[in-house]
Each structure stands twice: as C-alpha cells, then as structure tokens.
Amino acid sequence: MSNIIIEAHGLKRYYQRGSETVKALDGVDISIREGEIVSILGPSGSGKTTLINLLSCLDAPTEGTLIVAGKAVAGLSEDQLVEVRRGVLGFVFQQFSLLPTLNVAENVELPLLFLGLKTDPKKTKEILASVGLTDRAKHLPRELSGGQMQRVAIARALIVGPKILVADEPTGNLDKATGQSIIDLFKRLAKEEGLTILLTTHNTVFGAEADRVITLEDGRIVSEVDPRHLVFDTVLG
Ligand SMILES: Nc1ncnc2c1ncn2[C@@H]1O[C@H](COP(=O)(O)OP(=O)(O)OP(=O)(O)O)[C@@H](O)[C@H]1O
Ligand SMILES: [Mg+2]
C-alpha cells in the first residue's frame, strides 16, 4: 500500500458575508494515497472547489487539521502556503488559462519562470510528448482545439514535477470524447508516474473512472465509494 499524501480531519471553510455565515465546507475527513485518482462530485455550490482549493493549499481552512505531503498546513500564512505548493502541486483549470501570445512550449515553461527556475528544452519536449503534443510546440493557443489546449494546461502543470495534480472541472469545457481522452491521460499519469490526481467534475461517468468517488452535498461528504466495488456489487445483484 502506498503512503498517504493528503490527510484532513474536520475540515471547515466558512465565509462571513455581513451577518451571514456561508458554510462552504462543514467538517470533512479525507485521506488520499499517493498515486490515487480521487474525483469529487456534487451539485453546484456543494463545496467541490472549496474542498479542492483547501486540499491543494490554495486556501486555508477555517477549522480542522490538514497534512499535505508531510506538512501540517492549517494556520499557515499565504507565503508559507506558497512554499508548500512549490514543486508539490500542479494545477489545471477549466478555462485552461493559456497566454494567447505565447506558443505551446512557452506556455508550458511559464511556471518555471515564475519559480525562477531554468527552462530545459529537452524536458519541455518530454512533457509535450507525454501529453501527445509533440507536433504542436510552436503553435499559438488559438491554433489548437479545446482538448489540445487542456493538454497544454496539463503539461504546464506537470513541468514543475508535482506529486499531486489538481484539476477543477478539467473536462467541463470539452465534448465527451475529448473529455474521455483527458481522463485516459490522467489514468496513465497516475499509473506510470505515480501522480496523485484530485479532480472535480459534474460528469458522473468521468467521475466513476477514478479510484475513489467522493460526493459532496452542502459542504459535507455524503458518500465515498470505490467505483470498482460498485460494479462488483452490481454484478452480484
Ligand atoms: N469567496 C466566497 N465568499 C462567500 N461564499 C463563497 C465564496 N466562495 C464560495 N462560496 C460559497 O460556498 C459554497 C460552495 O462553493 P464552491 O465554489 O465550493 O461550490 P462548487 O461545488 O465548486 O460549485 P460548482 O459546481 O458550481 O463549481 C457556495 O454556496 C458558494 O456560494
Ligand atoms: Mg466549483
């Protein structure tokens, strides 16, 4: 059994809006192993983005304990969270967020520049090959399809060599077949590179391809299943 890379207990994230308290996340316990793909499902407003932002140290919990890659992160300042994220977490967003004037290879190398690290054409080439974009390195984002743009975004997240890849609705803007190709890519990265992948989705079919499916409602986990067991149960009737 592989190690636990993320562990949270009693995780809460409340937002204060005037006299009203929005309980975006209201007491979540979760532990995630290295190399595991976990998908987070739930209706709009159920707390998926809030949860994924906490687990990936983009935001700090109001209450609860959280350990990410061996570091206790609750109560850390923004600067300290940046340090925890550095080199450990890679992010993929629904809108791709590619810079329109940079070509594919330059977009992929961007996080290295932000971190003050050297780019390495060989490494960039390798990462582009791993997402199937070798022949698009010099293209501009507007010359790509949606699925290709999403793969550039994934390559950009991978360039820092993260242990954990976090994707908030990575298939939200893609058609079914393209979305499936992104899920297949995630599965390969988890299997071959031991990457831990956290994703949110509204698509139950994609969600069920994860090792574990967590469903949120009103900021709480209402179910947590291993989809392989679901199939097993169904077969047994
Ligand atoms: N900055 C904020 N201030 C106040 N309330 C917020 C803030 N961010 C989120 N919320 C509230 O927290 C709840 C959970 O939001 P969250 O974005 O996590 O939902 P979600 O499950 O990701 O929804 P969607 O599927 O629409 O992306 C919502 O009720 C939302 O209005
Ligand atoms: Mg969301």
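**View 1. Arg212 and Glu36 join their side chains in a salt bridge, 2.9 Å from N to O.** A salt bridge here is a side-chain nitrogen of Lys or Arg within 4 Å of a carboxyl oxygen of Asp or Glu. The two partners come from distant parts of the chain: Arg212 sits in strand β9 (residues 212–217) and Glu36 in the loop between β2 (20–33) and β3 (37–41), 176 residues apart. Helices (H or I, at least four residues) and strands (E, at least two) are DSSP runs, numbered from the N terminus. Both Arg212 and Glu36 are buried; buried means under 20% relative accessible area, exposed over 50%, and partly exposed in between (1.4 Å probe, protein chains only).

This is a predicted model, in which local features need pLDDT of at least 70 and side-chain atom pairs count only at pLDDT 80 or more, while totals for chains, interfaces and linings use all residues. Residues are numbered from 1 along each chain as its sequence is written, chains are lettered from A and ligands numbered from 1 in the order in which they are written, and side-chain values use heavy atoms, leaving out hydrogens and water.

**View 2. Glu224 meets Arg212 in a salt bridge of 2.4 Å, N to O.** Glu224 belongs to strand β10 (residues 220–225) and Arg212 to strand β9, so this pair ties together parts 12 residues apart in sequence. Through shared partners, salt bridges join Glu36, Arg212 and Glu224 into one network. Glu224 is partly exposed, at 39% relative accessible area, whereas Arg212 has 12% and counts as buried.

**View 3. Glu209 and Lys187 form a salt bridge of 2.6 Å, N to O.** Glu209 lies in the loop between α7 (204–207) and β9, and Lys187 in helix α6 (residues 176–193), 22 residues away. Glu209 is partly exposed at 22%, and so is Lys187 at 33%. A search of the whole structure finds 10 salt bridges.

**View 4. Helix α4 (residues 121–130) buries Thr124, Ile127, Leu128 and Ser130.** Seen down the axis of α4, the buried residues fall within an arc of 160°, so they line one face of the helix; the arc is that of the directions from the helix axis to the C-beta atoms. Pro121, Lys122 and Lys125 are exposed on the other side of α4. Just after α4, Gly132 takes a positive phi of about 75°.

**View 5. Confidence along the chain.** The protein averages a pLDDT of 91, and 95% of the residues score at least 70; pLDDT is the predictor's confidence in each residue, from 0 to 100. Over residues 232–237, pLDDT stays under 50.

Key: Contact = heavy atoms within 4.5 Å.
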